[in-house]
Amino acid sequence: MTDSASALRRRRFWFDPRFAIGILLVIASVGGVLGIVSSADASIRVYATRDAIAPGDRIEASDLVAVSVRIELAPELYLSPGDVPAEGLVVVRSIGEGELVPVSAVGSAAGLRLASVVVTINGQLPASITPGALVDLWAASRSDSTSFGPPSVIVAGATVVRRVESEGFVASGNASSLELLVPRSKVARVLEAIANGDAMSAVPVSIPAKG
């Protein structure tokens, strides 16, 4: 056999289509295995407790430990790294030692000092009273069946959560309702004003600048 014939056979072997197809099948098989392994390891980091936590406890990120889980909808169901603000969170129900921390089991630390109340405001509300605005809540006690005494501020700097839309068949055009965040120390005074039927008004703390 001549040298030229041997070289021709070698070229035919290396360029054989069956050899190329075999390489492609091996590559596809390896890629499939890597995809399965990667999918099986698609875990999510969520928080678990270091110790048992009781309702009313305040927790920070340092009180928790991040663990990897493979649970559907884990970010929506459990507390994840980055979900804990600098001021921490307040636990609203018991969580055992080493348990994952449900989102529903914690609340804002602001709940320790603020409470949400809905008040009925006499008259139309200023346009500047929108969610997030600060208002002073004024109340005037009824002096008789037709008049009220002088008003006074019962809550300064309450935060507006939302305007409450009137429901039912009859809605008064002369009154509006607001949901406000007020200090817990002022809740009793606000509830007293509501129970007594005091005339209440909300006055914006600041006047918005005109553009």
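**Strand pairing and salt bridges in a predicted model**

Student: In which sense do strand E7 and strand E8 pair, and over how many bridges?

Tutor: This is a predicted model, in which local features need pLDDT of at least 70 and side-chain atom pairs count only at pLDDT 80 or more, while totals for chains, interfaces and linings use all residues. Residues are numbered from 1 along each chain as its sequence is written, and side-chain values use heavy atoms, with hydrogens and water left out. Strands (E, at least two residues) and helices (H or I, at least four) are DSSP runs numbered from the N terminus, and two strands pair if DSSP finds at least two bridges between them. Strand E7 covers residues 134-140 and strand E8 residues 152-164; their pairing is antiparallel, over 5 bridges.

Student: Which residue of E9 is the bridge partner of threonine 159?

Tutor: Strand E9 spans residues 175-183 and runs antiparallel to E8, joined to it by 5 bridges. In E9, threonine 159 has as its bridge partner leucine 181.

Student: How many salt bridges are there?

Tutor: A salt bridge here is a side-chain nitrogen of Lys or Arg within 4 Å of a carboxyl oxygen of Asp or Glu. One of them joins glutamate 179 to arginine 162, with the closest N and O atoms 2.6 Å apart. Another is formed by the side chains of arginine 189 and glutamate 192, at 3.9 Å from N to O. By this rule the count is 2.

Student: Is glutamate 179 buried or exposed?

Tutor: Buried means under 20% relative accessible area, exposed means over 50%, and partly exposed lies in between (1.4 Å probe, protein chains only). Arginine 162 has 40% relative accessibility and is therefore partly exposed. Glutamate 179 has a relative accessible area of 14%, so the residue counts as buried.

Student: What separates arginine 189 and glutamate 192 along helix H4?

Tutor: Both residues belong to helix H4, residues 187-195. Arginine 189, at 29%, is partly exposed, and glutamate 192, at 42%, is partly exposed. Because they are 3 residues apart in the helix, their separation is about one helical turn.

Student: Where is leucine 73 found?

Tutor: The phi of leucine 73 is near 65 degrees, a positive value in a residue other than glycine. Leucine 73 counts as exposed, because its relative accessibility is 53%. Its place is the loop between strand E3 (64-69) and helix H3 (74-77).
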